Amino acid sequence: MSDEASTPEAAQPEPESEQPVAPADRAGITAARASLADVSPEPGAPKQDPILKAEGVRRAFGGLVAVDVAHLEVQRGTITALIGPNGAGKTTFFNLLTGFDRPSRGEWVFDGRRADRMRSYQVARAGMVRTFQLTKALTRMTVMDNMLIGAADQLGERFWAGLIPPLWKAQEAANRQKAMELLERFKLVDKREDYAGELSGGQRKLLEMARALMLNPKMVMLDEPMAGVNPALKQSLLEHIKDLREDGMTVLFVEHDMDMVHEIADWVAVMAAGQLITEGTPDQISADRRVIDAYLGAHHDAAQR
Amino acid sequence: MDWHFVFSQALTQAIGPTMIVYALGAIGLNLQFGYTGLLNFGQAAFAAVGAYGLALSVVAFGLPFWWGIVIGLCAAVVLALLMGIPTLRLRADYLAIVTIAAAEIVRRLFRATVWSEHTGGSDGMRGFSDPFFALNPYPENGNFQLGFVSMDSGRLVVEFGLFNLQYSGRDLWVMTVGWGLIAVFLVVLGLLVHSPWGRVLKGIREDEEAVRSLGKNVFAYKMQALVIGGLIGAVAGFVFALSRANVQPDAFSTDFTFYFYVVLILGGAARIFGPVLGAALFWFLYNIFAQGLSQAINSGVISADVINQTQVGPLVFFLLGLGMVLLLIFRPQGILGNRRELMLDVR
């Protein structure tokens, strides 16, 4: 990052100094910060290599316009936070992007493909996988089954092939192997034969993230990953999110906790009343008058969450 | 009081043709409700279109028996698509509402006087089962004795001392085919639910949004489960119609669906053998109460002043209902179910 002498770079000493690992092992973060160094902190700012590019996304419920985002680009390989006061339309926007809701109008391109007409499962297959604000563990299934169901392109998931185990046994074994590695990484390997419903809230968050990784996503969408997680687990969850970036994935997450946003986000997009009001690095955002107004103006209470 | 008779009757019924109908219907329901979480309250309609598909083809249109079977199965697929396409994208309750209404519509259609020259209206139809019983390999007037198994002019008696099992030649043929079908469906279902396909179904039962977020076409899986469960329901309808050699619209009322549910919950939902065990137990209990009470009144053990023969029927259902309530309190997972699974918070 030394070759970049712009303001955002100078304003970011904190996250760098907090990295416990040497920068050499953190190629992802270096690349992510470098790719955003020249981006102006304005809403809808163009990026070098956007994995997601949204244009004129609008969702109205009757007369209420929940989301009206003119333009948003998400830089590939970065961790981007989507913040805003309660009712700003963050989760609705998330649901639109992932195909869980239909826009009134607007279009977006994900990884070079038009994604606004895709259904939710097609979005996931295209490589954009989401998690949920209220964790959705498949409670009466084992942790291992929760993982295995995530694997993509399983032949055995076709009805006729399900009847002939030799066709899919090898693929199943490979998926199981991969699931074991992920469970190891997320420290859930001892729980693999437990029902997911027996896990604690924080462990379910970990499981949901690990399960999403079974699909080899290009982009991971986390809806309030820290909601209801205790401080000890929070730290490990943060590290896992940083690891996603190191593994070359793009992360977009909705969050309320500004400390967390500061610690892991490379870029922050701020929504208020359905619109994208500004973008920038975490430090630029903290100093931005519009953000402070959005939070402290009409929605003072929301900022306390 | 003739306990030998009571037990013999009840146990004969416990693995007999009617029990097979309940077992088959509940096997289909197990795939839909037990594994996929689809609230199909119209399983009776699948049995009805199966039974009537066969009867109408053979009697009204004069088609061969096997065409009747094919038409009955096709009708079940069409019914599943009709019910599924508008509702399976919506929340679970919509399917429940539509299926319960559709089942009633199907029954009313078969009952309607408009087509009664073909369907027989509320009297139903007969005369379609001869080709089936023509295939009966059991000798019509067989007589033999082999240890505790004997046949007396075509009637099979299996003597166990305390009780015996007795079946007519026709029952035997229905049971041979029926148990064969049960075995086939259990093997197929066993393979399916232990495959990745079955895992997706269970995922949908737990949380379909989560499964959707993992790239699975939830609608297609739910539709497959509805169609396959409906086909098995239609087969239950065939066995039902053939075992009685007639079809009657009012036999396919909502009660029929709810017996399937009782059987499934009693045996244990989402367990391969749950429906079979549940059906055997349900039909055994029904018969032992009915025969036992009837015998007790006849022999004067219970005074006719307390309860008379015509009150036995309703009382049996009262007792079964009470049993069901007790089961749900003390063993909500059913006989074969897993309590640990049920105790998890399912929101």
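Okay, let's start in chain A, with A:Ala273, which sits in the loop between strand E9 (267-272) and strand E10 (275-280) of that chain. When I say strand or helix, I mean DSSP runs, numbered from the N terminus: helices are H or I with at least four residues, strands are E with at least two. Quick note before I go on: this is a predicted model, so local features need pLDDT of at least 70 and side-chain atom pairs count only at pLDDT 80 or more, while totals for chains, interfaces and linings use all residues. Residues are numbered from 1 along each chain as its sequence is written, and chains are lettered from A and ligands numbered from 1 in the order in which they are written.

Back to A:Ala273: its phi is positive, about 50°, and it isn't a glycine. Most residues other than glycine have a negative phi. The cut-offs are 20 or more other C-beta atoms within 10 Å for buried, 12 or fewer for exposed, and partly exposed in between, with C-beta atoms placed from the backbone.

Chain B has an alanine like that too: B:Ala270, with a positive phi near 60°. You'll find B:Ala270 in the loop between helix H12 (254-267) and helix H13 (274-298) of chain B. B:Ala270 counts as buried because it has 24 C-beta neighbours inside 10 Å.

Last stop, the chain B sheet. Its 4 strands form an open, antiparallel sheet, in the order E2-E3-E4-E5; strands pair if DSSP finds at least two bridges between them. At the edges are E2 (144-146) and E5 (164-167), each pairing on one side only.
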